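Hi there,

Here is the structure I promised to pass on. Have a look at it first, and my notes follow below.

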Amino acid sequence: MKQETTPSRRALSWIANYNQVIVLLLLVAASAIFVQGFFSKFNLSSVSYQYAIIGLIALGQFCVVLTRGIDLAQGSVIAVASMVTALTIPHVGIAGALVMGCLAGTMLGMVSGLLVAYTQIAPFVVTLGMMGIARGIALTMTNASPVPVRVAGFAEIARGRLFEIPYPFIVFICLAIVLAVFLRYWRLGRYFYAVGGHEENARLSSVPVKRVKILAYMISGFLAGLAGVIITARIGTGHPLTGINYELESIAAVIVGGASLFGGSGRVIAVVAGVLILGVANSDITLSGISPYLHGTLKGLIILFAVALGQLSFGRRKAA
């Protein structure tokens, strides 16, 4: 029997669908009232730059998680892209180095995708192996030596602004919109949900499961490569140790964004909200003068709270 849709049921459904956005707005409001210096130009600039990088790789992680996978190699891919960018920029210029850095990330992502799609090795193991391989490649390129970049204008990629908004944050939001449109309105994008929801059913419905998985890891690699280029522009150096633990930050953002680690569920807008929730929370913890030893504990509590909220909303969506 079809359930009657009442205003209260619609309100509960809306809250369940957008609870991450609501939490973000409440957190920003509370920060504005209780945290001194939250709305300072320096703090907002710092948070928007740092979490634009996390946001970029979180979008890639989200694509992989949708297909019931996980990408633990993102941090190491960032390091390879950083080294490739720094080494090639004297020869191919800024635009060429940007392409080369993104291409390096995409190729590494494709290798992970091929292994996940055509072998029985679990994504966790494949990307754990790729994490070590890529980090080794980055260290070997210059015997672990950093490579300074002295090309005029390159720093603008990370330090440039449009209406006081850092370029990396604008790129993050633009790519989030593109990904949201792709996943919602393109048939290939909807296949991501189908593969993660029930792989065998997707296969019986003629969904190209292997190609979808490979594409998911390529997107993750491309975005990690782009993050590597931006970080290199920011610090003015290609560094083989860049990106350590970034994959954990991206996984946390995806979880806080309400995506299911069992695949087939999640929204781009919620992931963006998850990234910003972590950014605002991290800013609040820093500005509040809390002991650095407790930062990890507080972040963990925030993640657990967000996951519990996400499970509650998921249950309500299933019941609706």
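Helix H12 (268-287) is followed by Gly-289, which has a positive phi near 75°. Helices here are DSSP runs of H or I with at least four residues, numbered from the N terminus. H12 has 20 residues and spans 29 Å from first C-alpha to last, close to the 28 Å expected at 1.5 Å a residue, where the expected span is 1.5 Å times one less than the number of residues. Because 16 of its 20 residues are buried, H12 is largely enclosed by the rest of the structure; buried means under 20% relative accessible area with a 1.4 Å probe, protein chains only.

A word on the source: this is a predicted model, with local features needing pLDDT of at least 70 and side-chain atom pairs pLDDT 80 or more, while totals for chains, interfaces and linings use all residues. Residues are numbered from 1 along each chain as its sequence is written, and side-chain values use heavy atoms, leaving out hydrogens and water.

Val-268 is among the residues that touch the most other members of the largest nonpolar core, which has 77 residues. Such a core is a set of buried Ala, Val, Leu, Ile, Met, Phe, Trp, Tyr and Cys residues joined through side-chain atoms within 4.5 Å. H3 gives the largest share of this core, 15 residues. Beyond its neighbours within four places in sequence, Val-268 contacts Leu-59, Phe-62, Ala-176, Leu-179, Ala-180 and Leu-183, contact meaning heavy atoms within 4.5 Å.

Best wishes

How values were computed:
Buried means under 20% relative accessible area, exposed over 50%, partly exposed in between (1.4 Å probe, protein chains only). Helices (H or I, at least four residues) and strands (E, at least two) are DSSP runs, numbered from the N terminus.
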